[in-house]
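Please look over the structure shown here. A few questions and answers will guide the first look.

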Amino acid sequence: MVESGWVRSVLRIAAGLVIGFLYLPLVILAIYAFNESRLMTWPPPGLTLHWFGEAAANPAIRDAFLNSMLAATTATAIALVLGTLAALAVQRYAFFGRDTISFMLVLPIALPGVITGIALQTTFKTLGVNLGLITIIVGHATFCVVVAYNNVVARLRRLSRTPEEASADLGADTWMTFRRITLPGLRTAMLSGALLAFALSFDEIIVTLFTAGAGTQTIPIWIFTAIQRPTELPVVNVVALVLMAVSVIPVYLAQRIGGETAGIVR
Amino acid sequence: MTANDAGSATPPMAAGRGRRVARWLHARPRAQLRLLLLSPLAWIAIVYLGSLVVLLLNAFWAKDAFTGKVDPFHWTLKAFEEIIGNPVYRTIALRTVGIAVLVTLTDALLAFPIAYYMARVASPRKRGALIVAVLLPLWAAYLVKTYAWRTILQGNGFLAWVLSPLGIAGPGLDKLPNAWLVLSYLWLPYMIVPIYAGLERIPNSLLEASSDLGARAGTTFRRVILPLVVPSLVAGSIFTFSLSLGDYIVPDLVANAKFIGNVIYDNSALGNFPVAAAYSMLPIVVMVAYLLVARRLGAFESL
């Protein structure tokens with residue numbers, strides 16, 4: 001079936017409108033970051049770089065940024081190791097309960113984030129664990145595992161096993177085959193999984209609000225609390241723009257490197 | 001590259017032991033499997049499933065009347081009685097599920113044309129660009145997008161400016177339809193991607209066969225294309241529905257309304273874990289039921 005010219009132009013216009021809808025809020029927010037006025041009235045009366053300096057000089061923002069970086073890096077590292085190990089097990093061995101394991105790994109993102117959040121918080125409180133950066137990392141690592149897992153599984157599915165067998169035939173032991181053959185084949189998939197996990201962790205708030213406790217702020221939590229204070233909004237705009245960049249750039253890079261992330265399961 | 005080669009520089013002792021372990025493992029695939037699975041399984045089972053169990057238990061635990069703290073292993077149904085006895089909790093549950101359904105329908109309607117364009121009309125180059133254009137907002141900065149909508153919807157924001165020539169005032173930040181609009185916006189890419197993938201999988205020969213047999217374009221669409229993308233549609237709806245069902249930031253920031261997530265969050269902030277836990281059972285049960293129906297409709301193969 002060939003769509004008629006009329007149908008094609010309607011579809012083209014509809015697609016353009018949806019893309020416009022997806023990007024309009026991001027563009028407006030980016031413009032607000034340069035707003036000369038303290039007020040959020042549209043359109044901004046003029047443009048300035050003033051608020052970037054003010055954001056950079058704000059110690060609360062700097063602390064929150066460091067916390068976010070630390071949490072995202074550590075959670076990504078944990079998720080990458082766990083996800084890769086699980087992917088190797090599920091993709092390279094046949095065993096009873098294989099489907100259950102892949103289902104269990106997806107569960108933390110299939111159920112609403114508020115459930116993950118309240119479940120972790122209740123558990124930490126019940127066990128008497130103090131909330132802070134460590135509990136944030138535990139939560140982030142839990143829902144990031146599936147991202148690394150998905151990327152590595154997709155790559156393993158495509159990788160041929162012949163080089164591994166050849167390596168074993170040539171006398172390489174299990175470690176050497178893994179180090180010299182399997183790992184290099186997985187490298188870009190792991191990198192793109194890590195970038196996506198980092199982006200996911202860096203801007204997470206639904207679970208983080210439950211696991212952060214009163215004393216610890218990440219960038220999203222700082223924005224969430226500062227939104228309530230009108231005098232802080234010019235700086236919030238700048239931080240929001242930076243947060244957007246920090247989460248978009250890794251995703252873009254992951255797309256370029258991995259190309260395995262066509263799947264939706266985040 | 002260099003990191004991988006560095007392994008050969010390990011001291012002979014360690015290498016010797018490594019070799020022996022490797023040789024032992026080589027003949028034992030079961031042991032390899034156990035080693036691989038040990039840490040990821042332990043993490044998910046203990047951290048995630050373990051906390052779900054603790055959450056479930058908390059729903060049946062009493063609160064100490066004096067200290068206000070949860071009294072573990074002191075069983076009671078008080079939390080459930082409180083939820084069932086208070087009509088506000090019912091209203092909030094219905095409001096949340098209603099908005100989640102509306103968001104899902106809206107996203108299906110908005111996603112279909114662009115997904116169809118990407119899969120069957122756009123040139124390969126344009127298609128690649130569109131996929132990236134849809135995936136970037138999917139992954140990026142949930143809170144920033146919500147905040148951006150707050151600036152658009154507020155009394156003197158962008159929308160008020162667009163509407164002012166028509167003599168219509170801006171919506172302000174206390175209207176329930178705002179939550180519908182912003183949630184539809186946030187989860188739209190989650191619907192576009194699976195529908196696109198589903199449409200792309202339909203072989204051209206099927207559509208040619210349909211038209212050879214005399215079906216006009218409209219008939220082919222209704223009788224061939226639509227039934228084949230239903231699983232993908234359901235797959236996308238799992239995300240739009242589940243994510244809307246659990247959201248508590250959007251209703252708070254753009255609609256000044258309470259959703260299921262707000263009840264859970266507010267109660268946990270007050271230390272009232274049994275009520276928060278008992279109310280969490282609602283989205284869990286709804287989602288499990290939804291997932292079971294979705295599986296019957298073949299959505300899991302389209303995820």
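This is a predicted model: local features need pLDDT of at least 70, side-chain atom pairs count only at pLDDT 80 or more; totals for chains, interfaces and linings use all residues.

Residues are numbered from 1 along each chain as its sequence is written, while chains are lettered from A and ligands numbered from 1 in the order in which they are written.

Q: Why is helix α10 of chain A largely enclosed by the rest of the structure?
A: A residue is buried if 20 or more other C-beta atoms, placed from the backbone, lie within 10 Å of its own. Helices are DSSP runs of H or I, at least four residues, numbered from the N terminus. α10(A) spans residues 219-226, and it is largely enclosed because seven of its eight residues are buried.

Q: Which element of chain B do the buried residues of α10(A) pack against?
A: Contact means C-beta atoms, placed from the backbone, within 7 Å. Within chain A, the partners are α3 (59-92), α9 (208-211) and α11 (233-257). From chain B comes α7 (142-153).

Q: Which element gives the most to the side of chain A that touches chain B?
A: The contact takes 78 residues from chain A and 86 residues from chain B. Elements giving two or more residues on the chain A side include α1 (5-32), α8 (174-202) and α10. With 14 residues, the one that gives the most is α1(A).

Q: What share of the residues in chain B is buried?
A: The C-alpha trace of chain B spans about 80 × 75 × 40 Å along its principal axes. Chain B has 303 residues, and the buried share is 41%.

Key: A residue is buried if 20 or more other C-beta atoms lie within 10 Å of its own, exposed if 12 or fewer, and partly exposed in between; C-beta atoms are placed from the backbone. Two residues are in contact if their C-beta atoms, placed from the backbone, lie within 7 Å.
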